[in-house]
Amino acid sequence: PLLALLLGPAAIGPVMFVLAIDMIVFGSLIVILITARRDGRLRPAIVGAVLGGLIRNPMIVSISLGLAWSAAGIGLTGPMLTFLDVLGSAATPGALFAIGASLAGKSAERLSVALWLSFGKLVLHPAAVALAALLVFAVPRDQALVMIAAAALPVAGNIYIIAAHYNVAPQRVSTAILVSTALSLLTVTWVLTQIAGA
């Protein structure tokens with residue numbers, strides 16, 4: 001919502017594309033990697049269990065249904081649109097509350113790791129997206145700028161949800177979210193300033 005507000009309605013399409021790829025493709029790969037790592041190898045039974053888990057993953061299901069609904073050209077009635085607006089508005093505060101609750105009364109775990117992860121997310125990720133979008137895939141400039149801005153955002157709350165669900169260093173992830181969010185006040189502002197001047 002922030003990028004759509006700052007960059008205009010034309011940013012909504014590229015932002016949704018980035019979110020869909022992130023949630024469906026990379027979210028699926030993360031689950032597969034976690035499951036394979038725990039077992040030591042990827043057996044057919046594990047692939048089936050992972051696919052079943054992906055099909056039941058509420059983030060992947062909601063994005064897939066949303067894309068299918070949009071592709072079908074079905075409109076939303078007033079009450080349904082209002083309900084979904086209220087529900088969508090509650091998602092970010094709810095995720096932030098869960099992250100904050102995980103940090104309450106605890107010291108930051110492995111701050112050096114969180115700083116390195118934050119550097120990767122706030123600097124390396126947007127730089128890699130810029131190179132790929134502008135030089136490798138020749139994405140139209142206005143769409144590439146939206147993709148770069150999305151990549152410059154801090155570690156997302158959905159990463160914490162996955163980490164907590166699979167019990168893979170949730171405290172470390174929440175620390176990385178905290179650190180990257182604090183640092184993003186500077187880095188995202190700089191990226192958006194550069195985009196506005198481009």
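The legends below describe close-up views of a predicted model.

Figure 1. Read from the N terminus, the order of elements is α-α-α-α-α-α-α-α-α. The protein has 198 residues, and 30% of them count as buried. The exposed surface comes to about 12300 Å², of which carbon and sulfur atoms supply 74%. Among contacts between residues at least 6 apart in sequence, 71% join residues at least 24 apart.

Figure 2. Two packed helices are described by the angle between their axes and the distance between the axes. Helix α6 covers residues 111–136 and helix α9 covers residues 170–197. Their axes come within 8 Å and cross at roughly 50°. The crossing of α6 past α9 is right-handed. On the α6 side, the residues in contact are L111, V113, A114, L115, L117, S118 and L122. On the α9 side, they are R172, T175, A176, V179, S180, L183, S184 and T187. The residues of this contact between α6 and α9 divide into 9 nonpolar, 5 polar and 1 charged.

**Figure 3. Helix α7 runs roughly antiparallel to helix α9.** Helix α7 covers residues 141–151. The axes of α7 and α9 come within 10 Å and cross at roughly 170°. An angle over 145 degrees counts as roughly antiparallel, and that makes α7 roughly antiparallel to α9. L145, I148 and A149 belong to α7 and meet V191, L192 and I195 of α9. The residues of this contact between α7 and α9 divide into 6 nonpolar, no polar and no charged.

**Figure 4. Helix α8 also meets helix α9.** Helix α8 covers residues 157–166. The axes of α8 and α9 come within 9 Å, and the angle at which they cross is roughly 170°. The two helices, α8 and α9, are therefore roughly antiparallel to each other. From α8, the residues G157, I159, Y160, A163 and A164 take part in the contact. Their partners in α9 are P170, V173, S174 and I177. The residues of the contact of α8 with α9 divide into 7 nonpolar, 2 polar and no charged.

**Figure 5. A138 has a positive phi in the loop between α6 and α7.** Most residues other than glycine have a negative phi. At A138, phi is near 50°, a positive value in a residue other than glycine. A138 lies in the loop between α6 and α7. Is A138 buried or exposed? A138 is exposed, because its relative accessible area is 59% and the cut-off for exposed is over 50%.

**Figure 6. N167 has a positive phi in the loop between α8 and α9.** The phi of N167 is near 55°, again a positive value in a residue other than glycine. Where is N167 placed? N167 sits in the loop between α8 and α9. With a relative accessible area of 61%, N167 is exposed.

Methods. Residues are numbered from 1 along each chain as its sequence is written. This is a predicted model: local features need pLDDT of at least 70, side-chain atom pairs count only at pLDDT 80 or more; totals for chains, interfaces and linings use all residues. Side-chain values use heavy atoms; hydrogens and water are left out. Helices (H or I, at least four residues) and strands (E, at least two) are DSSP runs, numbered from the N terminus. Buried means under 20% relative accessible area, exposed over 50%, partly exposed in between (1.4 Å probe, protein chains only). Contact means heavy atoms within 4.5 Å. Accessible areas come from the Shrake-Rupley method with a 1.4 Å probe; for residues, only the protein chains shown count as cover. Axes are lines fitted to C-alpha atoms, for helices over the stretch in contact, and angles run from 0 to 180 degrees between N-to-C directions. A crossing is left-handed if the near helix is turned anticlockwise from the far one by less than a right angle, and right-handed if clockwise. Ala, Val, Leu, Ile, Met, Phe, Trp, Tyr, Cys and Pro count as nonpolar, Asp, Glu, Lys and Arg as charged, and the others, Gly among them, as polar. Angles under 35 degrees count as roughly parallel, over 145 as roughly antiparallel, 65 to 115 as roughly perpendicular and the rest as oblique.
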